[in-house]
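Please open the model in your viewer and keep the selection tool at hand. The tour goes from single residues to the whole chain.

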Amino acid sequence: MIDFLRFDFLITPYIIGFVYFFGAIIIPFLVLFFAKKYNLHIHSYKVKFYMLSILLLCELLWRIFCEFFMVYFKLLGAMK
């Protein structure tokens with residue numbers, strides 16, 4: 001407990017794992033929401049291809065973003 005109060009124990013790396021999975025589940029719903037918001041004709045093959053491309057790109061960027069912070073906190077922990 002004292003390590004937690006003196007910031008010797010970092011909880012953020014554990015939280016980032018949860019945040020990643022939460023975001024990975026939410027991203028497809030956001031893509032679909034914006035497609036409906038801007039009245040895209042989802043039945044078109046071209047729109048489906050673009051939505052799938054955007055979905056994969058967003059998932060990849062989200063993964064890179066979370067991995068960046070995981071590496072940052074591992075380096076921070078290694079420096080102690």
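Select cysteine 58 and cysteine 66 and show their side chains. In this predicted model, the sulfur of cysteine 58 has its closest cysteine sulfur in cysteine 66, 13 Å away. That is too far for a bond, because a disulfide needs the two sulfur atoms within 2.5 Å. Cysteine 66 is likewise in no disulfide, and the structure as a whole holds zero of them.

Which of them is buried, and which is partly exposed? Cysteine 58 is partly exposed, at a relative accessible area of 31%. Cysteine 66 counts as buried, with 6% relative accessibility.

Next, switch to a cartoon view of the chain. What elements does the chain contain? There are three helices and zero strands, so the order from the N terminus on reads α-α-α. The radius of gyration of the chain is 18 Å, well over the 12 Å that the globule rule gives for 80 residues, so the chain is more spread out than a compact globule. Its C-alpha trace spans about 60 × 20 × 15 Å along the principal axes.

Select the whole chain and bring the surface back. Buried residues make up 16% of the 80 residues. The accessible surface comes to about 7,000 Å², and carbon and sulfur atoms account for 78% of that.

Key
Residues are numbered from 1 along each chain as its sequence is written. This is a predicted model: local features need pLDDT of at least 70, side-chain atom pairs count only at pLDDT 80 or more; totals for chains, interfaces and linings use all residues. Side-chain values use heavy atoms; hydrogens and water are left out. Buried means under 20% relative accessible area, exposed over 50%, partly exposed in between (1.4 Å probe, protein chains only). Helices (H or I, at least four residues) and strands (E, at least two) are DSSP runs, numbered from the N terminus. The radius of gyration is taken over C-alpha atoms; the globule rule is 2.2 Å times the number of residues to the power 0.38. Accessible areas come from the Shrake-Rupley method with a 1.4 Å probe; for residues, only the protein chains shown count as cover.
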